[in-house]
Amino acid sequence: MVHTNFTIYGHIGSSAEAVAQTRGYRFVPFTIAEGTCGINVTWTLYTNGLLRIDGKGAMEDYNNPKNLGYYDYGDQITAIEIGENISRVSNCTYFAYKNCVSFTVLNPGAIMQKNAAALPNQNLEIRSFYGSTAEAYASQNNIAFAPLSILAGGSCGENVSWYLYENGLLKVFGSGTMTSVPWRNTDYSKMITTIDIGEDIANVAAGTCYVLGDCKKLIIRNSTAAIHDSAIRRPATGLTIYGEFGSTAETYADQMGVAFDSFMLDTGSCGTDLTWTLYTNGHLKLTGKGAMPNYGGHPDHIPWWNYQQFITSMEIGSGVTYLSPFTGFNQENCTSITILNKNITLAENYLAVARDDLVIYGYEGSTAQTYAESKSITFVPLD
């Protein structure tokens with residue numbers, strides 16, 4: 001029980017924090033400064049020198065370290081920690097911070113931009129999971145790498161293994177079939193906050209997420225994985241299943257009445273009240289209300305320019321009123337564009353090139369239909 005009427009203030013990792021946790025008191029760490037570094041991303045600098053970047057999605061793309069709100073506090077930073085839901089670590093996240101010796105990345109698949117750790121000092125160490133993008137980044141840039149501590153692990157199938165890391169992440173990896181859940185009904189089950197099932201795991205076994213009161217995330221990376229009816233039993237309050245749109249994970253979440261969310265690769269602004277989100281299955285979604293800017297007519301100013309070859313489908317929300325030139329520029333792998341606003345205005349060069357394998361979905365009599373027919377693009381009406 002947490003005594004909400006009593007608060008202990010102190011440093012993160014201090015004895016004050018330990019006492020608060022032991023006795024059920026509310027704990028509030030001391031902070032020096034805080035701010036934003038992305039649409040849904042924040043930074044907080046604590047008095048013990050820890051800079052914590054947290055939230056959901058991508059950090060804003062910073063090429064000038066002075067644009068980061070914590071730049072002026074650089075000499076006070078001793079460690080940087082990137083939260084597990086941050087999908088992109090921006091250039092200059094670390095920039096010659098002479099007293100910073102630890103850079104921890106808790107999302108094993110986070111995009112590490114080329115200069116995420118710019119001008120590292122000789123004592124800097126990148127901490128993350130084995131097989132993570134952060135480990136690869138450390139190796140490429142000759143920066144020391146230290147794996148997060150493994151509390152327990154072993155086999156849970158012929159070619160399937162599991163590790164439980166110090167931050168509460170349970171990773172199931174390998175290939176083939178899960179045949180057991182060794183963490184069930186052990187002391188370790190109380191430490192699990194996230195279960196991450198690898199993309200080559202063919203099934204999610206019964207009891208995988210059984211009576212795990214603190215487990216808030218079940219990630220299923222294989223979009224066609226067979227999920228046992230009893231994979232989840234007595235789920236924790238607030239549990240969310242993560243997977244691809246249209247996956248067996250999404251179907252299972254719906255059947256179980258559990259929240260579902262998809263993997264997000266990157267996100268950002270594309271208008272005053274418009275947001276773009278790119279998912280790991282290549283689906284680009286524009287939401288909000290209003291018009292896109294014209295970006296000066298330059299295709300390389302479109303926010304998702306660097307991902308254009310990765311995009312396989314687009315969905316334009318009903319509140320979007322205008323699509324700027326080159327919005328769909330050079331997306332050679334995009335075969336489906338759904339436009340939900342019947343009266344949207346599409347710039348003449350919305351698509352630079354029309355292809356035989358491209359289909360535009362929209363409503364009968366819509367401006368999307370007129371545009372598709374004017375460009376000899378296949379149009380399919382929505383119900």
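Guide: Buried means under 20% relative accessible area, exposed means over 50%, and partly exposed lies in between (1.4 Å probe, protein chains only). The model is a predicted one, in which local features need pLDDT of at least 70 and side-chain atom pairs count only at pLDDT 80 or more, while totals for chains, interfaces and linings use all residues. Residues are numbered from 1 along each chain as its sequence is written, and side-chain values use heavy atoms, with hydrogens and water left out.

A salt bridge here is a side-chain nitrogen of Lys or Arg within 4 Å of a carboxyl oxygen of Asp or Glu, and the structure holds eight of them. One of these joins the side chains of R127 and E166, at 3.2 Å from N to O. R127 belongs to strand β13 and E166 to the loop between β16 and β17, so that distant parts of the chain, 39 residues apart, are linked (strands are DSSP runs of E, at least two residues, numbered from the N terminus). E166 counts as partly exposed because its relative accessibility is 41%.

Another salt bridge pairs K171 with D196, at 4.0 Å from N to O; K171 is in strand β17 and D196 in strand β18, 25 residues apart. Both K171 and D196 are buried, and D196 counts as such because its relative accessibility is 3%.

D196 also forms a salt bridge with R221, where the closest N and O atoms are 2.8 Å apart. R221 lies in the loop between β21 and β22 and D196 in strand β18, so this pair ties together parts that are 25 residues apart in sequence. R221, with a relative accessible area of 31%, is partly exposed.

Methods:
Helices (H or I, at least four residues) and strands (E, at least two) are DSSP runs, numbered from the N terminus.
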